[in-house]
Amino acid sequence: MINAHDITALVLAGGRGTRMGGVDKGLQTFNGTPLALHTLLRLQMQQGGLIGEVMINANRNLAAYEAFGAPVWPDSLPDYAGPLAGFMTGLERCETPFLMTVPCDTPLFPPDLAVRLADALGRENADIAMAAAREEDGQIRTQPVFCLLRADLLESLNDFIQRGGRKIDAWTAQHKTVVVRFDQPGDDPHAFFNANTLAELQHLASLAP
């Protein structure tokens with residue numbers, strides 16, 4: 001059973017932004033608001049009151065991120081080691097029983113993300129709940145950067161990374177993981193579309209309600 005404020009949410013904004021020309025993706029604007037700030041605000045509006053603390057994982061322009069009002073933590077690993085480095089940073093700082101990860105570049109993610117991941121994790125007594133959604137080619141695929149994790153997985157993740165592991169799926173496969181599909185009637189079909197380029201970001205802005 002996951003209770004109110006049991007989840008710390010982590011905004012992943014620590015990437016290189018290579019496909020966006022090397023810009024800091026989390027600081028690019030979505031309908032006039034920086035992506036990372038938009039993500040923070042959307043997390044604060046999550047249904048169910050399950051989210052207590054909110055943090056940002058970023059590796060540059062830290063003062064700009066700190067201005068959004070949430071704690072900012074760089075990767076504890078060097079050289080932009082990927083999303084799992086952000087996961088580890090979040091788990092190291094998490095003071096609640098659960099951590100939920102959300103990337104900064106998917107601004108339309110569901111308002112009931114936390115509730116549905118938490119329900120599935122509790123129902124299946126799982127270690128990890130991972131979102132899945134229908135992509136533009138019509139296929140249902142997991143969205144591994146949208147995860148709800150038990151905070152006590154830190155040691156497991158640290159061991160995986162120390163052995164050279166970098167892929168989220170390869171680590172989550174070591175634990176009981178429940179996949180939660182977000183393709184039900186009423187679900188926004190664009191909820192998990194992410195922006196890898198500035199053109200894609202503009203397209204997502206045009207889809208926002």
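**Strands, cores and a pocket**

Analyst: Let's start at one end of the sheet: E4 and E5 run parallel and are joined by 2 bridges. Helices (H or I, at least four residues) and strands (E, at least two) are DSSP runs numbered from the N terminus, and two strands pair if DSSP finds at least two bridges between them. In this pairing, Asn-57 sits opposite Trp-73 in E5.

User: Before we go on, what should I know about the model and the numbering?
Analyst: This is a predicted model, where local features need pLDDT of at least 70 and side-chain atom pairs count only at pLDDT 80 or more, while totals for chains, interfaces and linings use all residues. Residues are numbered from 1 along each chain as its sequence is written, and side-chain values use heavy atoms, with hydrogens and water left out.

User: Thanks! What is the strand order in the open sheet?
Analyst: The 7 strands go E5-E4-E1-E6-E8-E7-E9, with mixed pairing. Strand E5 (72-73) and strand E9 (177-181) are at the edges with a single partner strand each, so one side of each has no neighbour in the sheet.

User: Which way do E1 and E4 pair, parallel or antiparallel?
Analyst: Parallel, over 6 bridges, with Leu-12 opposite Asn-57 in E4. Strand E1 (residues 7-13) also runs parallel to strand E6 (residues 98-103), again through 6 bridges; there, Thr-8 faces Leu-99 in E6.

User: And how many residues of E4 are buried?
Analyst: 6 of its 8, so to speak mostly covered. Buried means under 20% relative accessible area, exposed over 50%, and partly exposed in between (1.4 Å probe, protein chains only).

User: What about Ala-129, buried or exposed?
Analyst: Ala-129 is in strand E7 and counts as buried, because its relative accessibility is 0%. Leaving aside neighbours within four places in sequence, Ala-129 is in contact (heavy atoms within 4.5 Å) with Leu-117, Leu-121, Phe-146, Cys-147, Leu-148, Val-178 and Val-180.

User: Nice. Which residues touch the most other members of the largest nonpolar core?
Analyst: Ile-7, Leu-43, Ile-56, Met-100, Leu-113 and Leu-148, out of 39 residues. A nonpolar core here is a set of buried Ala, Val, Leu, Ile, Met, Phe, Trp, Tyr and Cys residues joined through side-chain atoms within 4.5 Å. H4 gives the largest share of this core, 6 residues. Another core, of 22 residues, lies apart from it, including Met-55, Cys-94, Ile-128 and Met-130.

User: What does Leu-113 touch?
Analyst: Not counting residues up to four places away in sequence, Leu-113 touches Gln-46, Met-100, Val-102, Ala-131, Phe-146, Phe-182 and Phe-192.

User: Last topic: which residues lie nearest the centre of the second largest pocket?
Analyst: Pro-110, Pro-111, Gly-186, Asp-188 and Ala-191, among 14 lining residues. By class, the lining has 7 nonpolar, 2 polar and 5 charged residues; Ala, Val, Leu, Ile, Met, Phe, Trp, Tyr, Cys and Pro count as nonpolar, Asp, Glu, Lys and Arg as charged, and the others, Gly among them, as polar. On a 1 Å grid over the protein atoms alone, a pocket is an open set of points where a 1.4 Å probe fits, with protein on both sides within 12 Å along at least five of seven lines, and lining residues have an atom within 4 Å of a point.
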